[in-house]
Amino acid sequence: MIATCPECAAEISLPADTLESEIISCPECGAELEVISLTPPTLALAPEVEEDWGE
Amino acid sequence: MTRVSIVGASGYVGGELLRLLLWHPEVTVVQATSGRNAGRYLYQVHPNLRGRTSLQFVHPDKLEPCDLLFLALPHGEAARAMQRYTGLAERIIDCSADFRLSDPAAYKRWYGEDHPAPEWLGRFVYGLPEVSREALRGAKYASGVGCNATASNLALLPLVRAGLIDTSKPVLIEVKVGSSEGGASSTDSSHHPERAGAVRSFAPVGHRHTAEIEQVTGLSTPHLSITSVELVRGALATAHAFAVRPIADKDLWQAYRGFAKEQPFVRLVKERQGIYRYPEPKILAGSNFADLGFALDPESGRIVSICAIDNLMKGAAGSAVQCMNLMLGFEETLGLEFPGLHPV
Amino acid sequence: MDIDEVNFLTAMLRIPSVSGQEAEVANFLVAQMHGFGWETYVDPSGSAIGHLGDSGPLIVLLGHIDTVPGNIPVRIEGDLLYGRGSVDAKGPFATFVMAARRAQLAGTLRCRIALVGATEEEAASSRGAHYAKDQYAPQFCVIGEPSGWDRITLGYKGRLLAHYYYEQDAAHSAGEERAAPEHMTDFWAAVQSLCAKHNQGHTRLFEQMIPSLRRVASGGDGMSDWVEATIGIRLPEGVNPAALADELEAMAMPATLRCEGGCPAFRSPRTTPLVSAFMRSIRKAGGQPGFLHKTGTADMNVVGPAWGCPIVAYGPGNSQLDHTPNEHISISEYRTAIAILSDVLSQVG
C-alpha cells in the first residue's frame, strides 16, 4: 500500500498489516501521521500533543 | 590502475586530494609536486598521511606523464601553463578558479584581468557533478568549484529547477565559512589571536564566487556575503529567496526531493526535533556530502534554503574526485563514501 | 455484572487511603477481584494485585490506590460522583478493574492482564511502582491517571523535592545580621533564577523547569533561629535529578539541603500498537483522540524506563481537579472510559 505524506508529499509504503488509526512517522520529514483510511490508504497529520497541568 | 599526479600538492586541497586518492581503489598516485617541499615526505606536510605512503614531493619541473593530472595551484598559474600540462596528461582536473567561468568577460569583471588562456575556456566542463554530470562522463578537462559558490548553488538549485523563485525580488545568500578556506599559508588575519573567536565579515559584497552562482543558477543578481566563523572546515550557506507564487512546505519538499534523488551526495535535513534539525557543517568534516534543508515563512513567502558542506571536500577535493570518477567511467561515489564524524 | 461499576468506585472512595495507609482499600480490591475468579494477593509493597488471562502478551494495568489527604464527603450529585481520589486515581483504577472484567466476560481477551493497585504514588517514595518494576516484564502497560475519556497521556515531567534547613545564633531583629528566614528566601530566589535561566527560549511547559515553594516554617527559642522549607521542581527531559540535587546543595550552603524523590522526565512514543488501539476505540466511541504531556510526575516515570514497552496513561477525569477540595468525576465519562479500555484490551494480543 502506498500513501502520500500530507506534510511533505513523500510516497510512503505501508506494510500489509497496517490498521486504521495506526500512527506512523514519515520516513522523510519525520511528521507523525495517522492512517485515517485504508481504502484508499490515506494519512493525516496526527493531532498535536497538548500540554496539561497535573498528573 | 589509472596513474594520477597532483600538482601543487602541499596546500590544503592538495592534501585532501592525496587523502582521497591514496585510498581510491582504481587509481595510483604517481607524483605529488611542490616547489617548496620537494624531497620531503608527504606526511611532513600532511601529518595525517604518516605511515601510509612513502611518496616524497617532487619539484614541479620533474613532473612526468601520467593518465590524469590534478592541478591545485594558486589562481592564474594553471591557465598560464596549460600547454605544458596538456602535453603531460590526457585528462586534467583544475581545482583553481581559472576555468570555472565559461565567459571571458565575466572572468575579467570578477578577476580584474583578461583571461590568460581564453581558448581553453570552452574545453573545460564545470566541475560540479550536481550540475554537469552527463558532460563530465568521459570528459577530458574539468574545472574545480568555488566552495562558497558550491554551498550557495546547491542551496539554490532545487528552487531554481522547480521554478519557485520570484526573480523580480532579490536573492540573498549569506555563507559562513571556516578558516581552511584561507589556504595553507598564513597571513596577519589568520594569526591565531586575531582569527580565533572571530565572526569576521570577510566579503559583505563583491565576492568572486558570485560569478559562479550566476553561471550555475542563471539568476541575474544573486547577492552574496561571506562571514568567517569559528570553524576550521565547513561552509554553511543560508539563501533567502521569495516564492513566485503561494506555496506550502509540501511544494518545497517535492522540489528538494526531486533534486536530491538524482544526487548521490546530496541529503535532505529537515527534522522536527532533535539537535540536528537543519544542515550542520560540523558533522560533515572530511565527507563529500552536501546537506540541504529549508524553511518557509508562509506569511511573506520567504524561502530560506540552507546548505552545509565541507569546503575542502564537496567544495573542492571531494567534487574533483567525483569528477574524476565520472571522467574515467568509475562508480561516481568510489572512494568518497566516508559519512563524516559524530561527535566531533 | 455482579457488581455495578458505580457502586464499585463508590465503595473504593468510601475507604480512606492516604499514602502509607492503603491496607484497607487493598484488601477490599483483592476481595473484589478474587470474587471475579482472578488470582489475587497483596504484594510486599502493599499493592493490590489481580491476574487474569491464560495466554497472549502481558499487559500491566497499574494505577495508584492512595490519595492525598483531605476528606471529601462521598456523594452523587446528578452525573457527578464526589470523593477524594475520584479522579486521582481511584476512578482510573476502578476503570481498569471494570474494563478487564468486562472484556473477560465478553470472551474477547487475548492477552494476560496484571492489575496493580499501587501504593504511595502521592508520596516521594512511589513504593508500589518501584516494587512492581522488578516483578513484571510486560509487552504493554497502561498507567491509571486521569487523561479524560478521549485523550491519551504520553509523558510526564520529572521531579525533585528539596528540603531546606538553616539554623543560626539568635540575633536582634534590628541588627545587621540577616535573619534565618531571609537566608531561605535568598535561596528560593536563586532557585527561581536558576529555573528562569534554563527556561529561556523554551515556550512549552514540558521543556521548562518549574519550581514551587511548598512549605515554609521558621522559629526560634532565644538561643538560635531556624527556618525550613520544602521546594519542589518539575523537571524537563534532559535534566538529571541527581546532578541538579548536587548543584542545589552547593547553592544552599551553609544551609543543609536534603533532596528526595528525584525522578527524570519520561516521554513515550505514540507510534505503537497500544496507542493505535486506543485511537480506534476512542474513535469508535465517537471521540476525537487527543494526546497529552503532563506537568506532573506519575508512576509512568518509574516503570516506563524500566520496562521499555509501549506505555500510556489513561483514565477518566479532569486532572485540574487533582488534589482539590472539589474532586469529582463524571459517572457517564467513567462508564465510557470502561467501554473504551475494555475494547482496547480486546485488541491487544
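**Close-up 1. Strand pairing between β6(A) and β14(C) in the predicted model.** β6(A) runs parallel to strand β14 of chain C, residues 290–294. Four bridges join the pair. Within this pairing, A:E50 stands opposite C:L292 of β14(C).

**Close-up 2. The side of chain A that touches chain C.** Here 17 residues of chain A are in contact with 25 residues of chain C. Three elements of chain A each give two or more residues to this side: β3 (23–25), β4 (32–38) and β6 (49–52). β6(A) provides the largest share, four residues. By class, the side of chain A holds eight charged, six nonpolar and three polar residues.

**Close-up 3. The two assigned domains of chain B.** Domain 1 covers residues 2–124 of chain B. Domain 2 covers residues 147–310 of chain B. Their centres, taken over C-alpha atoms, are 27 Å apart.

**Close-up 4. Contacts between domain 1 and domain 2 of chain B.** Ten residues of domain 1 are in contact with seven residues of domain 2. On the domain 1 side, helix α5 of chain B (residues 104–111) gives the most, with three residues. That side of domain 1 has six nonpolar residues, three polar residues and one charged residue.

Methods: Residues are numbered from 1 along each chain as its sequence is written. Chains are lettered from A and ligands numbered from 1 in the order in which they are written. This is a predicted model: local features need pLDDT of at least 70, side-chain atom pairs count only at pLDDT 80 or more; totals for chains, interfaces and linings use all residues. Domain bounds come from an automatic or database domain assignment. Two residues are in contact if their C-beta atoms, placed from the backbone, lie within 7 Å. Ala, Val, Leu, Ile, Met, Phe, Trp, Tyr, Cys and Pro count as nonpolar, Asp, Glu, Lys and Arg as charged, and the others, Gly among them, as polar. Two strands pair if DSSP finds at least two bridges between them.
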